[in-house]
Amino acid sequence: MCCIGCQSVAQTILDQGLGDYYHHRDLAQSASTVMANSLPIQLENFSQHQRQWDAFDDTDVQTAFVRHSNKKIANPTASLSTLHEADLVIDGLTCAACIWLLHQQVRKLNGVVHFNVNLTTSRAYVQWDPTLVKLSRIMAAIAAVGYQPSPYQASVAALQKNQDRRQTIMRLGVAGLAAMQVMMLSFGLYAGQSQDMSEQQIVFFRWLALGLTTAVVFYAAKPFFMAAFRALKNHHLVMDVPVSIAIGSAYCASVWATITHSGDVYFDSVCMFTFLLLFGRFVEAQARYHAGHSGNELHQLLPPMCSRIDPLEIDRVHQVAVSKLVCGDYVRVLPGATLPADGVIVSGSTSINEAALSGEFMPVNKQLGDAVTAGTINVASHIDIKVTQLNHNNRLQQILSLVQQAHSFRPKLSQKADAVAHYFVFAVLLVSASVYGIWYFIDSDKAFWVTLSVLVITCPCALSLAAPTATAVATASLRKQGVLMTREDALEQIAKVDTIVFDKTGTLTTGSMALEQTIELGNIDATLCLQLACALEKQSEHPIARAFAQSSSQTSIPTKVQLTACMNHPSLGVSGTYKDLNLRLGQANFVCEETSFVQPQPPTQQGLWLLLADQHQALAWFKLSDAPRKGLQDTINKLKKTHFELHILSGDHANNVALLAQYLSFDHWQGGQSPQQKLNYIKQLQQQGKKVLMVGDGINDAPVMAAADAALAMASGTDLSKSNAPALLLRDDLNLIQVLLRKAQQTHTIMQQNLAWALLYNLTALPLAAAGLIPPWGAAIGMSTSSLIVVLNATRLKSTR
């Protein structure tokens with residue numbers, strides 16, 4: 001048997017003594033009533049499945065996907081109940097037998113008003129009376145026969161999009177059907193006028209056409225008039241203004257001709273023109289939606305439910321709504337399940353698929369103590385995690401916020417195009433008035449038609465779409481590959497870059513520093529020195545701080561010391577107060593700048609040495625090690641081949657920077673730089689006419705990144721909300737720098753192509769229309785096609801090669 005559905009159907013047929021069914025198929029109809037009421041006993045016994053679905057009766061959980069129907073029904077208590085309805089995704093459907101089995105299993109539940117399964121979409125629509133049956137019982141009934149139900153959750157935006165799409169298709173249908181009917185009537189009028197059709201017949205045909213066209217103008221063309229009204233109300237001109245003038249004037253002229261029995265009617269042109277415009281905009285909107293939609297599915301990654309571990313009985317789990325989790329809860333995540341929250345693994349090890357967030361399609365191995373992210377998928381084995389961040393502050397939500405933020409920054413090219421489009425529409429209206437006046441004296445019969453073509457064929461929409469469509473597609477494509485843009489307009493600047501300046505620690509190197517050695521210098525023992533250092537670094541996001549935190553956890557040294565007045569000094573170190581001691585930890589010159597003792601020299605020139613001191617004495621040296629990132633040499637070689645000028649600018653000791661620069665064959669490097677020195681270095685490069693891309697960690701290098709022409713942050717392990725860079729790498733792969741640079745250049749090229757096409761089209765189409773060479777229906781096709789070409793050209797940026 002291919003599935004449990006077929007097995008159940010076959011068993012039911014045999015149990016009813018209808019085995020001859022397979023030899024005499026005409027028995028199927030007569031047996032259907034018997035089978036419907038005689039399901040196998042084992043399928044009816046699903047109480048054992050009930051418990052795991054109880055959480056779906058929670059009102060907080062149902063808020064996300066259950067709707068209240070407008071329909072009410074009388075229940076046994078003689079009162080009216082409001083019906084509930086929901087869409088469920090059914091896993092495991094293979095054929096029509098599955099549908100039959102589910103229908104028989106669920107429809108017999110008392111309280112289920114309507115239940116229907118769509119095999120194509122694997123979705124079920126269910127409507128029920130909550131006073132008679134609970135949703136958990138319905139889901140348990142589905143699970144009892146071997147299928148796995150889950151809520152179908154579409155975002156509010158997606159629901160609105162679908163509703164708008166259905167409305168547009170309805171308008172298209174009305175306009176298309178009316179256009180065909182009116183064209184048929186118009187052919188009769190044209191033929192009748194040459195064949196002496198009676199006046200009564202001509203008037204009758206005109207009134208029929210008027211009735212059909214009225215539906216088109218007031219329903220199908222309504223979006224054009226509403227958009228034009230909104231624009232004029234706000235003292236703004238958009239393309240819908242001339243379009244509305246064209247449709248409205250043609251309709252009014254035709255109505256006047258019909259009522260007064262004089263002149264020509266343009267009902268066929270109005271209907272066909274509206275249909276072509278609606279069709280063109282519909283195709284364009286669909287292309288634009290699919291082009292930019294790939295970055296907008298993140299909000300659907302979180303599951304509605306999760307398995308929370310009972311704190312009193314570790315082997316017992318409860319299904320609860322993700323919204324009810326709190327920090328400190330323990331959650332069990334089974335293989336194939338989506339992680340419901342950010343957390344730390346406290347039991348087990350596994351592989352995590354982070355493709356949806358970082359673009360890394362190979363699963364990442366995670367061990368005990370590793371951090372995991374909400375929205376990623378557990379691949380290998382079950383794990384227990386401790387929740388550390390709730391939904392409103394987890395990494396997924398940070399990415400969502402930054403994606404929305406990116407769309408709010410429009411490219412300068414787009415802003416200029418919008419300004420041009422505004423004046424362009426005004427110019428079109430003036431030209432149209434002039435064209436009508438000229439043609440009225442040349443050939444008054446053609447004046448209206450030519451003016452109609454001029455009003456329609458010019459298309460500032462292509463101008464307005466040229467830049468934003470390209471940047472939206474590029475941003476979505478980059479996010480899928482692991483580059484998150486926080487400002488779309490930054491792509492313009494990145495495309496012009498010719499110089500790249502790298503920070504060292506955490507950028508060119510792994511940033512996963514390890515504390516190798518502690519050397520006492522004062523009268524405080526090494527253990528207390530390490531405690532003080534860990535406490536000072538506790539509030540920092542720098543990779544050095546993580547080295548101290550890791551050392552503390554590995555050596556089981558408690559950090560019970562309480563510090564006050566803690567402060568982070570970017571690129572220099574940290575400071576704080578312990579009892580009566582003013583502590584500093586960081587570069588030796590920073591630590592000793594306000595002390596009376598002589599600055600000690602590090603024991604060796606190899607490695608990174610940090611000094612801990614108070615106001616009276618040096619307390620300890622800490623040696624940390626760092627390693628170059630995997631594939632660093634290959635990435636640098638590729639950047640050199642594409643003729644970028646490369647620099648290293650670091651606050652690390654000059655000897656350490658020199659060793660890395662020699663390893664990578666860098667010609668330009670600076671070590672031991674303070675934030676102000678870094679800022680001055682960037683400004684010097686800019687004064688030389690260079691366009692600078694700064695690559696750092698996005699937090700400690702914030703002033704330098706703000707000064708650079710463009711900036712890129714390594715954000716794989718940092719709090720994204722604290723990053724100030726307009727572009728972020730969501731995984732530790734420096735090859736993504738090449739991807740970003742190439743995509744930015746491609747985006748710039750596409751925007752220029754789109755603008756060139758938009759200008760060329762309008763400069764060519766306007767004279768042709770004014771000369772009377774393009775009919776109104778051709779103008780409608782040309783206008784829609786020009787916008788569609790811009791959108792389709794932008795979709796070439798979807799490639800993630």
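1. Overall picture. The model discussed here is a predicted one, and a reader meeting it for the first time may wish to begin with the chain as a whole. The chain holds 28 helices and 27 strands, and buried residues make up 49% of its 801 residues. Among contacts between residues at least 6 apart in sequence, 68% join residues at least 24 apart.

2. The largest nonpolar core. This core has 45 residues, and those with the most contacts inside it are Phe 224, Val 243, Ile 247, Phe 267 and Met 783. Several helices each supply at least two residues of the core, among them α8 (156-194), α9 (199-220), α11 (240-260), α12 (267-292), α27 (735-770) and α28 (776-794). The largest share, eight residues, comes from α16, the helix that spans 444-457. If its neighbours within four places in sequence are set aside, Val 243 is in contact with Phe 224, Phe 273, Leu 277 and Met 783.

3. Salt bridges. The structure holds ten salt bridges, of which a few may be looked at one by one. Asp 733, the residue of the opening question, forms a salt bridge with Arg 731, and the closest N and O atoms of the two are 3.7 Å apart. Elsewhere, salt bridges that share partners join Arg 67, Glu 85 and Asp 87 into one network.

4. Two further salt bridges. The side chains of Arg 584 and Glu 593 meet in a salt bridge, with 2.9 Å from N to O, and Arg 584 counts as buried because its relative accessibility is 15%. The side chains of Glu 645 and Lys 690 also meet in a salt bridge, with 3.2 Å from N to O. This latter pair, Glu 645 and Lys 690, links distant parts of the chain, since Glu 645 belongs to strand β23 (residues 645-649) and Lys 690 to the loop between α25 (675-687) and β25 (692-696), with 45 residues separating them. Glu 645 counts as partly exposed, because its relative accessibility is 24%.

5. A three-stranded sheet. Three strands form an open sheet in the order β11-β10-β13, and the pairing is antiparallel. The edge strands are β11 (364-366) and β13 (377-378), each of which pairs on one side only. Strand β10 (residues 350-353) pairs with β11 in the antiparallel sense over three bridges, and within this part of the sheet Thr 350 stands opposite Lys 366 in β11.

6. A search of the whole structure finds eight aromatic pairs. The rings of Phe 218 and Tyr 251 have their centres 6.0 Å apart and their planes at 85 degrees, so this pair is edge-to-face. The pair links distant parts of the chain, with Phe 218 in helix α9 and Tyr 251 in helix α11, 33 residues apart.

7. Other aromatic features. Tyr 440 and Phe 441 form an edge-to-face aromatic pair, with 6.0 Å from centre to centre and 90 degrees between the planes. Tyr 440 counts as partly exposed at 47% relative accessibility, and Phe 441 counts as exposed at 73%. Together with Tyr 436, these two residues, Tyr 440 and Phe 441, form one aromatic cluster. An aromatic ring also meets a charged side chain in this model, where Arg 171 lies over the face of Tyr 219, at 4.8 Å from the ring centre.

Definitions and conventions: Residues are numbered from 1 along each chain as its sequence is written. This is a predicted model: local features need pLDDT of at least 70, side-chain atom pairs count only at pLDDT 80 or more; totals for chains, interfaces and linings use all residues. Side-chain values use heavy atoms; hydrogens and water are left out. A salt bridge is a side-chain nitrogen of Lys or Arg within 4 Å of a carboxyl oxygen of Asp or Glu. Buried means under 20% relative accessible area, exposed over 50%, partly exposed in between (1.4 Å probe, protein chains only). Helices (H or I, at least four residues) and strands (E, at least two) are DSSP runs, numbered from the N terminus. A nonpolar core is a set of buried Ala, Val, Leu, Ile, Met, Phe, Trp, Tyr and Cys residues joined through side-chain atoms within 4.5 Å. Contact means heavy atoms within 4.5 Å. Two strands pair if DSSP finds at least two bridges between them. Rings of Phe, Tyr and Trp (its six-membered ring) pair if their centres lie within 6.5 Å; planes under 30 degrees apart count as stacked, over 60 as edge-to-face and the rest as tilted. A charge sits over a ring if NZ of Lys or CZ of Arg is within 6 Å of the ring centre and within 35 degrees of the ring normal.
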